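Dear colleague,

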Amino acid sequence: MNHLAVIFGTVGFLFIGGIGQCQNRILVSSGLKIHQTTNQIGTVFQTIQGNEMEIKSNVTLSVDIEVKKSTPNIELNNTITRLQLQTEAMGNSTNFYSDKQEDKNGQIGQMLKDVIGKSFDAAMSLDGVVFKSDKDKKEKEMASNLLGGSIDDIAKESFLAIPATMKAGDSIIVVGEITDKDNSKTNTYIVQSINGNNATLSFKGNEISKKTKNIQNMEAVVTSTSTSSGTLIVKTTSGLIKEKKAAIEGKGATEVMGQTIPFSLKQTVVISNN
C-alpha cells in the first residue's frame, strides 16, 4: 500500500457520528447559515507484514452549511470549502492545504479537485434521522472515501434533537443507525448544566463498524470497534451543536490487496459550528 493510501486511511474517524435517532425535535429556520470547522489530531498504529508503523495526522476540514428547508424535514446544502492536513508516516511527512495553488496542482490536490468547493445536498428529519439519498451518489461516495467518513454525517455533527424540558442531571440515550450485526452505535448523554440558551452535555459512545471503501482504486474492508467520550454545547432553542469535543480510541483491521492489516488508534476531535 503506497503512502497516499495510508494517509487517506488515517482520516477514517473524521466524522465521529453517533447522533442517530432521537424522539425530540430540532427547531431551525430556513436560510440559517453555519460555518463548521472540524479538527482531528490522531495517531494510528498499523502492523504490516510484522512491522509496526506509526501514522500521525492533523486534519482540519471546513464546511459551509445552509438550511434550505426546515419543515416537514430539514434540507441542507453542505459545501466543503477548505481542507488542511499534515501526516507523518514511514519517515515521510506530507502537507496539503487546499488554499494553496501549488498544493491544488499536486497529487493530493488532483485527487480532491472534485471534492473541495463541491456542494452536497443532505436531509434529516426533525428528530435527527439522516435520510440517505441516491442523488449525487457517485460524487458523495468519492468524497466520503477520500475524507474517510460519510458526507451525510456532517448533518449529525451540526444538530442534536434534545427535549425542551431537560434539566441538569437528565440523561439521553441515543441509539444510532443499527444497520446489521456489524454496524451499530450508541451514545449516552448527561446534561451537566444549562446556562441561558446553552446546555452543556457530557457523553460516552460505543460503535462497531464494517465498511467497504475504495482508496485510490483499491477496495478495502475496514472493521473496527471504538469508544468515544467528551462534551458538547447545544443551543437549547434549536438543537444546534455549537461545540463538540471528543476523545476516541479504537482498534480493528483493514483487508486490502490480500493483506490483513491490524490497527489501533487514538484521536481527539473538536467541532465548532458558528
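In which strand does Ser229 lie? Ser229 belongs to strand E10. Before the rest, the conventions: this is a predicted model, in which local features need pLDDT of at least 70 and side-chain atom pairs count only at pLDDT 80 or more, while totals for chains, interfaces and linings use all residues. Residues are numbered from 1 along each chain as its sequence is written, and side-chain values use heavy atoms, with hydrogens and water left out.

Strands (E, at least two residues) are DSSP runs numbered from the N terminus, and two of them pair if DSSP finds at least two bridges between them.

Strand E10 (residues 218–235) is paired with strand E11 (residues 241–256) in the antiparallel sense, over 15 bridges. Within this pairing, Ile248 of E11 is opposite Ser228. The two strands form a hairpin with five residues between them, and Gly239 in the turn has a positive phi of about 90°.

Ser229 counts as partly exposed because its relative accessibility is 31%; the class lies between buried (under 20%) and exposed (over 50%), with a 1.4 Å probe and protein chains only. Beyond its neighbours within four places in sequence, Ser229 contacts Phe203, Lys204, Lys245, Ala246 and Ala247, where contact means heavy atoms within 4.5 Å. Its C-alpha atom is 9.7 Å from that of Tyr189, 40 residues away along the chain.

Gln86 has Asn95 in E4 as its bridge partner. Two residues separate E3 from E4, and Met90 in the turn has a positive phi of about 55°.

Regards

Terms used. Helix = DSSP H or I, 4+ residues; strand = E, 2+ residues; numbered from the N terminus.
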